[in-house]
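Reader: I'm new to this, so could you take me through the cavities in this protein? I'd like a close look at what lines them.

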Amino acid sequence: MRPRRDAAPTAPGAHARATLGKARTENFPVAPSFLPRAWRDGLMAVYGYARLVDDIGDGDLAPGGHDAVLLGLDPAAADDRLAMLDAFEADLRRVFGGSDGPPRHPLLLALQPVVRAHGLTPEPFLGLIEANRQDQHVTRYETYGDLLAYCELSANPVGRLVLSLTGTSTPERIRRSDAVCTALQIVEHVQDVAEDLGRGRIYLPAEDMRRFHVSEAELKAHHAGASVRSLVAIEAERARDLLNEGTPLVGSVHGRLRLLLAGFVGGGRAALRAVTAAGFDVLPGPPKPTRSGLLREVATVLRTAPRKG
């Protein structure tokens with residue numbers, strides 16, 4: 001039974017913890033315990049921001065309209081995604097010194113000291129908001145290039161923030177990071193074909209669907225036919241190529257950061273291995289890697305990533 005929209009709101013602290021708790025469901029470790037405390041706090045603050053903006057864009061907010069209230073809106077506005085994104089952006093401006101006081105949402109309030117400590121700029125955060133705005137009016141992508149442009153907003157800002165938080169940002173690392181982040185986004189699209197279609201969205205490029213003679217109706221089946229599997233295999237191969245392009249990023253850093261970045265790349269590779277093991281049939285639900293499979297891939301990345309510097 002779906003919870004009522006007028007259910008009693010949770011306390012802000014518990015509400016924020018519920019959003020942050022979603023980190024456990026990601027393909028890659030968000031802020032593992034081996035990192036320094038300052039890095040973990042920064043990464044979780046950025047994750048909380050990214051997770052919340054995605055939940056707004058996807059309509060996955062907790063019932064009760066509590067997030068709307070925190071952002072200064074009526075609880076009923078929680079269903080108006082564009083209004084919520086506008087209010088969220090206004091609260092982001094407060095993080096960077098808006099004139100109308102501190103941020104109102106606890107996740108953005110937690111982000112403020114991280115922004116100040118690391119000199120973060122608004123642009124990556126605004127990119128994530130714009131990606132979710134785009135999701136409200138763009139539900140199909142004609143070409144692979146169009147999808148890459150979307151990933152520039154929806155995924156790449158996260159990697160750039162990780163580099164900024166750890167003080168390791170350089171033009172070459174940003175280029176490699178963008179490749180990894182775009183790959184991880186495409187992996188997620190490949191895994192979530194059925195879920196995305198349920199939201200009215202298809203991230204598989206239309207030109208590729210025509211190439212493999214895949215109709216939208218075929219994506220609604222319980223299991224993928226041969227043409228859908230071939231299409232998914234091609235998109236998975238593109239993601240694998242991008243991961244390979246980005247893997248030298250791991251070898252360009254040292255210590256605990258190297259292990260963290262190997263976790264990101266290994267997580268993507270493990271997810272692709274799970275998709276392959278499922279015979280590229282992603283329609284029953286997203287194939288997920290096992291923990292042992294993830295650890296094996298991370299170990300492989302650490303062993304084979306070319307070292308620089």
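Author: Let's begin with the biggest contributor: helix 10 (residues 193-198) gives three residues to the lining of the largest cavity, the most of any. Helices here are DSSP runs (H or I, at least four residues), numbered from the N terminus. A cavity is a set of points, on a 1 Å grid over the protein atoms alone, where a 1.4 Å probe fits but cannot get out, and lining residues have an atom within 4 Å of a point.

Before going on, keep in mind that this is a predicted model: local features need pLDDT of at least 70, side-chain atom pairs count only at pLDDT 80 or more, and totals for chains, interfaces and linings use all residues. Residues are numbered from 1 along each chain as its sequence is written, and side-chain values use heavy atoms, with hydrogens and water left out. pLDDT is the predictor's confidence in each residue, from 0 to 100; the protein averages 90, and 90% of the residues score at least 70.

Back to the holes. There are two cavities of 30 Å³ or more. The largest has a volume of about 50 Å³, where a volume is the space filled by probe spheres set on the grid points, which are joined across faces, edges and corners. Its lining is made up of His 189, Asp 192, Val 193, Asp 196, Leu 197, Arg 201, Ile 202, Tyr 203, Leu 204 and Leu 219. Sort those and you get six nonpolar, one polar and three charged. For that sorting, Ala, Val, Leu, Ile, Met, Phe, Trp, Tyr, Cys and Pro count as nonpolar, Asp, Glu, Lys and Arg as charged, and the others, Gly among them, as polar.

Now for the second largest cavity, at about 40 Å³. Around it sit Leu 147, Ile 186, His 189, Val 190, Tyr 203, Leu 204, Pro 205 and Glu 235. Helix 9 (residues 171-191) supplies the largest share of this lining, three residues.

Ile 186 and Leu 219 are among the residues that touch the most other members of the largest nonpolar core, which has 82 residues. Such a core is a set of buried Ala, Val, Leu, Ile, Met, Phe, Trp, Tyr and Cys residues joined through side-chain atoms within 4.5 Å, and buried means under 20% relative accessible area (1.4 Å probe, protein chains only). Helix 14 (residues 255-277) gives the most to this core, with 10 residues.

Definitions and conventions
1 Å grid on protein atoms, 1.4 Å probe; cavity = no way out; pocket = protein on both sides within 12 Å on 5 of 7 lines; lining within 4 Å. Helix = DSSP H or I, 4+ residues; strand = E, 2+ residues; numbered from the N terminus. Buried < 20%, exposed > 50% of the residue type's maximum accessible area, 1.4 Å probe, protein only.
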